[in-house]
Amino acid sequence: MAIEVNNETEYDADEAGLGRLGRFVLESLYVHPEAELSIILVDTDAMERLHIEWMDEPGPTDVLSFPMDELRPGTAAQPSPAGVLGDIVICPQVADEQAQKAGHSIGEEMLLLATHGLLHLLGYDHAEPDEEQEMFSLQRQLLAAFLGKDAPTETTR
């Protein structure tokens, strides 16, 4: 899997950890081993511009996902086709604020946001209550399995 992590901020992020998480989630959901994913960390100004441009909402947000080839999870017998998943954009400053409020580490929050963004790239959503239950349950399961402990409390809705 080609997973590229670009930190465009001054925040000292665990880029390797984000890459490992991406690989773990994609393998767990049987995404083709040649799939491509990009995770980009941006500051609040850049995130605010993206949030306004793409969501028509003011202020910075924590995570945005930009799907490309609309890949979906596969199965052990039939992995997804190869392709470009897309981009996950995370704002570490917003993540830090959310982590403090939730009472867990910024590192855990970044992993939570990356998992959330990746599930969006794979077609999951949380607009409706049943969709939210499915997505957040899977998010918790994947993150707990990756961390080897209970997943941190969701801060994204």
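Reply: The account below takes up the helix pair and then turns to the pocket. The model is a predicted one.

Helix α4 spans residues 106–121 and helix α5 spans residues 129–147. The two pack at an angle of about 130 degrees, and their axes lie 10 Å apart. Because of that angle, α4 is oblique to α5. The crossing in which α4 passes α5 is right-handed.

On the α4 side, the contact is made by Leu111, Leu112, Thr115, His116, Leu119 and His120. These residues meet Met135, Phe136, Leu138, Gln139, Leu142, Leu143, Phe146 and Leu147 of α5. By class, the contact of α4 with α5 comprises ten nonpolar and four polar residues, with no charged residue.

Helix α4 also takes part in the largest pocket, being one of the elements that give two or more residues to its lining. The others are α2 (44–55), β3 (63–67) and α3 (92–102). The space within the largest pocket is about 400 Å³. Its lining consists of 20 residues, of which Met55, Thr61, Val63, Leu64 and His126 are the closest to the centre. Strand β3 supplies the largest share of this lining, with four residues.

In its classes, the lining of the largest pocket divides into six nonpolar, ten polar and four charged residues.

Methods: Residues are numbered from 1 along each chain as its sequence is written. This is a predicted model: local features need pLDDT of at least 70, side-chain atom pairs count only at pLDDT 80 or more; totals for chains, interfaces and linings use all residues. Side-chain values use heavy atoms; hydrogens and water are left out. Axes are lines fitted to C-alpha atoms, for helices over the stretch in contact, and angles run from 0 to 180 degrees between N-to-C directions. Angles under 35 degrees count as roughly parallel, over 145 as roughly antiparallel, 65 to 115 as roughly perpendicular and the rest as oblique. A crossing is left-handed if the near helix is turned anticlockwise from the far one by less than a right angle, and right-handed if clockwise. Contact means heavy atoms within 4.5 Å. Ala, Val, Leu, Ile, Met, Phe, Trp, Tyr, Cys and Pro count as nonpolar, Asp, Glu, Lys and Arg as charged, and the others, Gly among them, as polar. On a 1 Å grid over the protein atoms alone, a cavity is a set of points where a 1.4 Å probe fits but cannot get out, and a pocket is an open set with protein on both sides within 12 Å along at least five of seven lines; lining residues have an atom within 4 Å of a point. Grid points are joined across faces, edges and corners, and a volume is the space filled by probe spheres set on the points.
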